[in-house]
Amino acid sequence: MAKYQELVDQLKRQIQSGIWNPGDKLPSLRKQSEYTGVSLMTVLHAYQLLESQGWVVSQARSGYRVAPRVKTKHVQPPHAAVSSIENVDINEFIFEVLQASKNPQLVNFGFAYPSPDLYPHHHVTRAFSSAARNMPISNTFNNLPPGNEQLRQLIAKRYAARGVEISPDEIVITAGALEALNLSLQACASAGDWIVVESPTFYGALQSLQRLGLKVLSVRTDPVTGIDIDSLESALQTHPVKACWLMSNHQNPLGFTLTDEKKQRIVEILNRYNVALIEDDVYSELYAGSEPMTSMKMYDHTGNTMLCSSFSKSLIAGLRIGWVVAGKRALDIQKLQLMSTFATSAPIQMTLVHYLTSRNYELHLKQLRKKLAERKNKVTERLREQLPQAVNIISQKGGYFIWLELPKQLDATDIYHAVLKENVSIAPGKMFGLNDQYNHCIRLNASFELDHQRMRALDILASSIVMQINGAQTQ
Ligand SMILES: Cc1ncc(COP(=O)(O)O)c(C=O)c1O
């Protein structure tokens with residue numbers, strides 16, 4: 001397709017989906033040419049064609065605007081394509097939910113990590129004691145940022161086995177993925193800058209943005225196909241965005257995985273706008289089937305992407321070991337780490353080295369993936385039996401989260417409070433967005449064995465949902 005026609009189609013889609021409203025001024029020819037990487041003549045040609053078809057109007061010395069009565073396909077888009085929030089204020093509610101989930105009596109479907117019975121406790125404990133026995137006196141210095149060299153090599157080798165070439169020098173070992181993500185944010189943005197996230201997104205991202213005083217552009221994201229590319233581009237065109245914090249594999253909370261084509265497009269777009277990509281990739285080991293996941297980082301040859309991951313979801317969360325493949329910001333990130341946590345725990349880094357060299361991590365992962373798929377299927381089946389059609393159960397391949405969309409008028413926070421009284425916990429949708437858009441949704445952790453107690457807990461949740469739906473219908 002000719003380049004001008006691609007631009008015409010793209011702008012029509014953006015107008016139809018409400019990104020540009022009647023009367024809005026389109027980017028100038030020069031700006032549009034910079035954004036899209038096509039020539040000024042191509043942009044002019046596209047704008048003129050849109051004008052001849054009645055989509056835009058040109059005004060002397062003021063450029064092109066969307067025509068006043070342009071026909072849009074969706075009169076009311078389901079959600080704003082891009083929402084901008086200058087003051088993030090989410091921490092109180094998340095803190096409340098996380099505090100309540102500490103009760104040991106709870107059946108915690110709101111938990112963010114895989115069921116602890118899936119961790120290879122025995123092997124990790126053995127690796128921990130060998131690490132302690134063999135710890136050299138110089139260990140503190142060997143494990144300063146960027147972190148234990150052997151561990152960085154082992155991580156780089158695992159990427160190489162998936163066809164991703166990463167130098168151990170690009171890797172910085174951190175306290176879990178969360179430290180990696182926070183350092184990445186700090187390496188490319190300062191208070192007051194705009195950051196793009198998916199809508200809905202992992203609440204940890206919202207908390208980090210709040211803590212660092214960053215402004216948020218939350219971009220429309222489909223539960224199955226992921227972030228909407230046109231909306232993403234529009235966010236980049238309309239705001240001076242510094243970074244995008246995105247998940248491409250088994251996104252939390254929705255569970256989708258982006259196609260390789262989309263991963264590549266996102267990298268191209270962000271590089272074109274010179275916007276840093278923070279790739280939050282903590283679930284990529286938890287795929288269903290036999291094909292390993294790709295990452296967005298593998299399509300980036302400029303060093304602009306910071307790929308963050310950890311052993312928290314695939315081995316043991318409590319070890320708190322993660323990493324960032326930091327590209328051109330590797331040194332900046334090391335400096336930031338030296339100024340904040342100083343270094344990642346030396347004995348724990350060495351435990352990982354012992355575990356990865358003496359135990360069969362691949363076999364553990366294979367068993368973990370199989371168990372997760374079985375357990376998720378069982379929970380999904382049970383939910384399908386128990387819940388009415390009005391509830392949309394989104395349970396995708398891989399990972400362990402299930403996303404429930406209840407009828408829009410319901411508030412899942414009420415359900416959260418109701419089931420908590422019966423020692424059942426869930427992650428209400430409010431945790432994953434900034435403007436009440438997901439208040440009718442629930443994220444469930446399906447990594448637990450569905451024994452008698454959990455089956456009962458799931459049924460308590462299902463009855464509470466049914467009661468709310470029935471109550472709403474009689475009002
Ligand atoms: C999407 C996402 N990123 C990052 C993290 C944090 O990972 P870690 O425990 O390794 O810090 C989580 C944990 O729930 C997560 O779901």
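I started with Arg320, which counts as partly exposed at 32% relative accessibility. My scale: buried is under 20% relative accessible area, exposed is over 50%, and partly exposed is in between, with a 1.4 Å probe and protein chains only. Arg320 is found in the loop between strand E11 (305-310) and strand E12 (322-325). Phi of Arg320 is positive, about 55°, although this residue is not a glycine.

Housekeeping before going on. This is a predicted model, where local features need pLDDT of at least 70 and side-chain atom pairs count only at pLDDT 80 or more, while totals for chains, interfaces and linings use all residues. Residues are numbered from 1 along each chain as its sequence is written, and side-chain values use heavy atoms, with hydrogens and water left out. Helices (H or I, at least four residues) and strands (E, at least two) are DSSP runs, numbered from the N terminus.

**Another positive phi**

I looked up Asn274 next. Phi of Asn274 is near 55°, again a positive value in a residue other than glycine. Asn274 lies in the loop between H11 and strand E10 (276-280). At 59% relative accessibility, Asn274 counts as exposed.

**Cis peptides**

I noted a cis peptide bond from Ser199 to Pro200, with omega near 5°. Pro200 has its place in the loop between strand E6 (194-199) and helix H9 (203-211). I also noted that Asn252 and Pro253 are joined by a cis peptide bond, and omega there is about 20°. Pro253 is found in the loop between E9 and H11.

**Asn249**

I stayed in that loop. Asn249 is found between strand E9 (241-246) and helix H11 (260-272). Is Asn249 buried or exposed? Asn249 is buried, with a relative accessible area of 1%. I then checked its polar contacts, meaning pairs of N or O atoms within 3.5 Å; within protein, one atom must be able to donate a hydrogen and the other to accept it, and residues adjacent in sequence count only if both atoms are side-chain atoms. The side chains of Asn249 and Lys263 are joined by such a contact at 2.8 Å. The side chain of Asn249 also reaches the backbone oxygen of Thr294, at 3.0 Å. For plain contacts I used heavy atoms within 4.5 Å. Leaving out residues up to four places away in sequence, Asn249 touches Phe256, Thr257, Lys263, Asp281, Tyr283, Ser284, Met293 and Thr294.

**The ligand**

Tyr283 took me to the ligand. A polar side-chain atom of Tyr283 lies 2.5 Å from a ligand oxygen. For an N or O atom in the side chain of Lys313, the distance to a ligand oxygen is 2.6 Å. For an N or O atom in the side chain of Ser310, the distance is 2.7 Å. Taken alone the ligand exposes 400 Å², and the protein buries 99% of that.

**Arg375**

I moved on to helix H14 (residues 361-386), where Arg375 is found. Arg375 counts as buried, at 6% relative accessibility. Its side chain and that of Asp117 are joined by a polar contact of 3.0 Å. Beyond four places in sequence, Arg375 touches Ser115, Asp117, Leu118, Ala446, Ser447, Phe448 and Glu449. I also checked Ala80, which is 295 residues from Arg375 along the chain; their C-alpha atoms are separated by 35 Å.

Thr351 lies in helix H13 (residues 346-358). Thr351 is buried, with a relative accessible area of 1%. A polar atom of its side chain lies 2.8 Å from the backbone oxygen of Pro347. Not counting residues up to four places away in sequence, Thr351 touches Val124, Ala127, Phe128 and Ala131.

Last one today: Asn142, found in helix H6 (residues 139-142). Asn142 counts as partly exposed, at 45% relative accessibility. Asn142 and Ala346 are 204 residues apart in sequence, and 8.2 Å apart in space, C-alpha to C-alpha. With residues up to four places away left out, Asn142 touches Gly147, Asn148 and Glu149.

Note on methods: Accessible areas come from the Shrake-Rupley method with a 1.4 Å probe; for residues, only the protein chains shown count as cover.
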